[in-house]
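Subject: Structure for you to look through

Hello,

Here is the structure I promised. Please open it and keep it on screen while you read my notes below.

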Amino acid sequence: MSIRTQVLGLVDVMMRVPPIMVIDEILKIGMGVPSQLSSGKGYAMDTATTSKAKPQEASNSTDTLASIKAFFGMSSEDSAISSISNSSQDILEHTIENASKSAQAGGMLSSNFNSLMDELANDGMLGNILNITTVKFVVCLLGFLCAACIFMLWTRHLVMVYMFLTSLGLTFLSYWSNVSALELMEQSPSILEDLLSLNTTRLLDSGGIVMTLAPHIIAQWFMGMLFAYIHLGPRYALLQRSMPIIFTSPILLAMLPLSSGIVDKLPVIAGLTPIILTKITLMLSAMDASRTVYNGYQYAVNFVSNFGLSALIENEWQRLNVPNVLRLFWIIRIMQGGYALLTVESDVPLQLFPAIEKLLVDGCETLTAVLGMTGVISMICHYIGRGFQWYLLTYDNDEEKSLGTVSAVLFYILALQTGLTSLAPDRRFVRLCRNLCLLVTALLHFLHNIVSPILMSLSAARNPSRKRHVRALSVCAFLILMPVGLLYYLWAQHSPSTWLLAVTAFSVEVIIKVLVSLATYTLFLLDARRQFFWEKLDDYLYYVRAFGNAVEFCFGILLFVNGAWILVFESGGAIRAIMMCIHAYFNIWCEARAGWSVFMKRRSAVHKISALPEATPAQLQAFDDVCAICYQEMYSAKITRCRHFFHGVCLRKWLYVQDRCPLCHEIMMYTDKAEENAQDADPAAPAQAEQPIRIYPREDANNAGVPRRSPERGAEAAPEEGVAPTNAAAALANIDNAIANLASEAAAAETRAAVASSASSSSSNSNASYITASAQPPPSTANSAAAVATAAASNTTHIFRLSQEQQ
C-alpha cells in the first residue's frame, strides 16, 4: 500500500469522526429526556447516586456548549428551562408514584386514581415540561439521524458536506472577527487621521491599534480566499476575486468617518454575500441530497436481494472503516479528558491512578464510547495474538485472525449485559475491571486454541527442532501459571461472589484444556519412540479427551446455573437472558448431543469388533501384509466375515462410518435372523465355514517386487529394506484422512465401482483380481463407491478370496 493511499485512508477516517462525536454528545444527554424519567427501575439508584456524588461533573457534561449558547443568546432560556425542570421534577415523580400506588390498591377504575389522573391532565407546569421534553427529544433525534447519515456517506459526498459546513463556519467566524475588530477601533484614536498625518509613532507602536488590527485583517483576507475556493454556490469571476475584499470591508470602512449606527451594521452587510451564496447552495443541493439518500436506499435493497444482509453489513463495515473510526474517536475522547484534567486549577496535585480511573470511567460513559473502547481492546488483543504467533514461529493460523474480532464482540456483549453505561462512576469502574478479567480468561482460551494444534503437529510429525518444542511448552506453562496467579490474587482480594465463581470456572477450564493438550502431546511423543504399532494409543487418547470434554461440560452447566442466579436475584435483563439461551443451546445441549453420539458410536463399534475373531500368529504369518486402512504392520488383527484382516483400532474407526468391508464391500456384521436365512438357503454353508482357511495373495505385477515381512522379523527387517519405522500416530492420521475423504471421493468412485464390478464378473479366472465367495446381494452404489474409493488409494493392499475349487 502506497503512502498516498494510507494518507487518504487516514483522512477518510478523520472525516468520519465528527459525526460519531455528535452522536456521543446526544447520547450523553440522554436524547433530551430527563434521566430520572428515562432510566429503568434498576438504574434509578445509580443515577441518583451519580447526580449526588458529582454535581459539578453533571453540570459540565450537560452544558458542554455553554459559550456558543451565550454567543447566540440562548443561555438564559436554557437556564430557565432547566430551573423549571428541576423544580417540578420531584413533584411530578411524587404524583406519578401516588397514582401508581392508587392503581395497585383500588384498581384502574377507582375514584382516587381518576382524580389523580385529572390533576395531572390539568397541570400546566406538567404540560410545559412535557412540551419542552418533546421538543428536546425531537431535536436530538433529528441530530442523531443527520449525524448517522453523514457518517455513512461516500467519501466524495462527505467532502462536499464538509466544504459546505466549512464555508458556513467561515461566515460566522468572519462576522465574529469583524465585530471584535470594530470594538477595538471604537476605543482607539482614528486610524485615518494617523495615516493622513503620517503619525509613524502611533502607527508602528507594537501595542497600537494598527498592530492589533493587523491579525484581523490578515485572517479576514485568508478567510475570504478560502471561502472563494471551497464554497459550492455560483462561481462568478468578479465575485470570486472580490471575496477577500468583502470579508475585510467592515474593518476598512470603519476607518472612514462614518456614524456609529452604520459602522455597527457593517459586519452584517459584509456577511450577507457569503450567507446568500450558502443559502443558494443549500437550495440547489437539497434535491441532490434527497436523491443521494434515495440512491443509497436503492443500493442497499438491491445488494440485500442479491447477496444478503450479512454481505451488505460486511461490505459497509469495510467501506466505512468502522473499527479505525471508533478507535480514533475514543483516543480523541480520552485525550480531551486528559487535557481537561491537566488544565484544571486545583491545589491538590494530579495523581496517576485516580486520573486513569477517571479516564476509563469516562471512556465507557455512552454506547459510542463503549464501541470505541471495544475497538481499542480489539486492536490490543489482535497484536497479542500476533505476538504469540511470532513467538511460536507459525504464520498460518485462522484462530489468530479472529482473535481481535471475537474479543471485541465478547467485551461489547459483556458491557451491554451488565449495563455498564448506566452505572454510577465508582460502580462502573468496578464492573469494567470485572469485565476485563473475564476477557483475560477468554483470551487465554483463544491462546490455547492457537498453541494446541502446534503441539499436536510437533508430536505427530516427530519434529526434531527443539526450539519449537520449547516455545510451545513455554506458552503452555504460561497458560497454566497465568490463571493460577489471577485466581490467587482475586480470591485473596475479593469475597466469594457470582462474578468470582465465573472467573474461577473459566480459569480452571483453561488449565484443564492445557493439561489435556499436554497429555495428548506426551502420548504422541511416547508413540514416536516405539518400534511397533501401539493399538492402545487410540483408547488412551479417547480417555484423555473424554475427561477434558466432560470437565468442560460440567463447567458449562455450572456457568449456566451461575448465570441463572444472576438473572433472577442480581441483575436481570433481556440481553443476559438471550445469552443464557445461546449458552444453553450451543455449549450444553449441542455438546451433550455430540458427546453422546460419539459415545454410542464407539460403544457400538466396540461391541461389533469384540464379536469378530482374533487372528492367530499362523494366520498373520500366512497373511504377511499391512493393514489395508492404515498401511501399518499387523501383529494382531481382526478377521471379518469376508475373511479380510484389519487392525482392531482401524476397523473400529471404519465402523463409525459404515458397516461394510473396506475391500469387498460386504456387510461385516450379520444378525441372527440373516444367518438363519443364509443357512436355510445353503445347508452346506456351515460345513464350508468349518473348513480350514487358505489365503491366496494376489501375485500381479504391482506386488511382485514387494518384500514380505512377518511378525517374527519385526523391526530388524526395516533397516535392511530401507524403510523407516512407522508409528501409531501416523496410522491414526492415515485412518482419519481415509475416513474424512470418503464423502468427497464417493461421487468420483461410482464409475470405478461399476467398472470394477463388471470386470470382476467377466474375468473370474484372471490372476489380477479375486472375488469373495458370498451369497449376499451386491451392495448399494453409494456404499460401494465409498469403499472402492478407499481401497483404490492403496497400492499395496491384497484382495483375497475363499474358493471351494482352490481348496
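Trp534 is buried, with a relative accessible area of 14%. Buried means under 20% relative accessible area, exposed means over 50%, and partly exposed lies in between (1.4 Å probe, protein chains only). Tyr540 is partly exposed, at 35% relative accessibility.

Some ground rules. This is a predicted model, where local features need pLDDT of at least 70 and side-chain atom pairs count only at pLDDT 80 or more, while totals for chains, interfaces and linings use all residues. Residues are numbered from 1 along each chain as its sequence is written, and side-chain values use heavy atoms, with hydrogens and water left out.

Now the aromatic rings. Rings of Phe, Tyr and Trp (its six-membered ring) pair if their centres lie within 6.5 Å; planes under 30 degrees apart are stacked, over 60 edge-to-face, and the rest tilted. The whole structure has eleven aromatic pairs. One of them joins Phe227 and Phe247, which are tilted: 5.7 Å centre to centre, with 45° between the planes. Phe227 sits in helix H13 (residues 209-230) and Phe247 in helix H14 (residues 237-253), so this pair ties together parts 20 residues apart in sequence. Helices are DSSP runs (H or I, at least four residues), numbered from the N terminus. Phe227 and Phe247 are both buried. The pair of Trp534 and Tyr540 is edge-to-face, because its planes stand at 70°, with ring centres 5.7 Å apart. Trp154, Tyr299, Phe303 and Phe307 make up one aromatic cluster.

Next, helix H25 (residues 537-570). How far apart are its end C-alpha atoms? They are 48 Å apart, which agrees with the 50 Å that its 34 residues should span at 1.5 Å a residue. The expected span is 1.5 Å times one less than the number of residues. Its buried residues include Leu537, Val551, Phe555 and Ile566.

Then the cysteines. Cys630 is buried, at 0% relative accessibility. Cys381 is buried too, at 4%.

Have a look at these places and send me your questions.

Best wishes

Key. Helices (H or I, at least four residues) and strands (E, at least two) are DSSP runs, numbered from the N terminus.
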